[in-house]
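These are short notes for someone opening this model for the first time. Please read them with the structure in view.

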Amino acid sequence: ADPIEVRDRWASIADGLGVTEPPMMYRRMTGPLTAQIESVRKTVLKNEISLVIIDSALPAAGGQAENAEATENFFAALRSLEISSMIIAHQSKPQLGFVSNSPFGSVFWLNEGRSIWQIASEGEPGINTLQVGLFHRKVNQGGLQKDLGFSIEFVSREDIQSEFGQIIIKKLEISKSDLRKELKLPGLLEAILRDPDD
């Protein structure tokens with residue numbers, strides 16, 4: 001994305017949530033994080049940044065997400081910033097007969113992550129609303145969090161005649177949505193028993 005698109009998306013989310021837009025800096029990256037870590041560190045220190053979001057894991061690891069050494073080097077560079085981080089990664093394709101909840105690439109993406117959430121979505125072509133479920137798959141400290149569901153509506157600038165669009169986010173009960181098939185077996189059975197005709 002370019003800075004204008006990111007700025008529009010950021011403002012749209014804040015407006016849709018009805019919150020003041022929090023401060024954010026965007027930096028377009030090319031190549032692996034390890035090759036640019038000193039420049040990133042200077043930006044982090046200069047601007048007192050406390051959270052970095054990386055979108056996404058594959059290019060940040062230099063296109064070598066399946067390479068254990070490249071993955072380890074990526075995490076070593078990221079840890080050197082000494083701040084919180086969130087990494088967006090694609091999911092491995094499941095093998096026939098298996099369900100995959102792991103990030104694509106080396107097993108170190110799963111091992112190194114302190115807290116891993118899987119995101120699933122359902123939507124219809126031509127409809128501006130999306131159902132999104134967040135499922136907590138791993139945590140290093142404490143217990144797993146409850147599944148979270150959201151309905152996300154995308155409203156264009158033209159529809160509301162505004163400088164930015166809106167991304168309206170509302171809570172969604174996963175057990176009563178198209179995402180309930182993503183629930184673990186106990187939750188799925190409970191959903192079916194509560195609503196057997198659905």
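1. Helices and strands here are DSSP runs, numbered from the N terminus; a helix needs at least four residues and a strand at least two. The model is predicted. With that numbering, Ser-106 lies in the loop between strand 2 (84-88) and helix 5 (108-112).

2. Is Ser-106 buried or exposed? Ser-106 has 8% relative accessibility, so Ser-106 counts as buried, the limit being under 20%. Leaving out residues up to four places away in sequence, Ser-106 touches Ala-65, Glu-66, Asn-67, Ala-68 and Thr-71.

3. The largest nonpolar core holds 16 residues. Leu-33, Ile-54, Phe-74, Leu-78, Leu-81 and Trp-109 have the most contacts inside it. At least two residues of this core come from each of helix 2 (37-46), strand 1 (51-55), helix 3 (57-60) and helix 4 (68-79). Helix 4 gives the most, with four residues.

4. Trp-109, one of the core residues named above, has contacts beyond its neighbours within four places in sequence, among them Ala-57, Ala-65, Thr-71, Phe-74, Ile-87, Pro-103 and Ile-116.

5. A second, separate core has five residues, including Ala-120, Ile-174, Leu-179 and Leu-183.

6. Strand 3 (residues 115-123) and strand 4 (residues 129-139) run antiparallel and are joined by nine bridges. Within this pairing, Ile-119 has Leu-134 of strand 4 as its bridge partner. Five residues separate the two strands of the hairpin, where Gly-126 takes a positive phi near 85°.

Terms used
Residues numbered from 1 in each chain as written. Predicted model: local features only at pLDDT ≥ 70, side-chain atom pairs only at ≥ 80, totals over all residues. Heavy atoms only, no water. Pairing = 2+ DSSP bridges. Buried < 20%, exposed > 50% of the residue type's maximum accessible area, 1.4 Å probe, protein only. Contact = heavy atoms within 4.5 Å. Core = buried A, V, L, I, M, F, W, Y, C linked by side-chain atoms within 4.5 Å.
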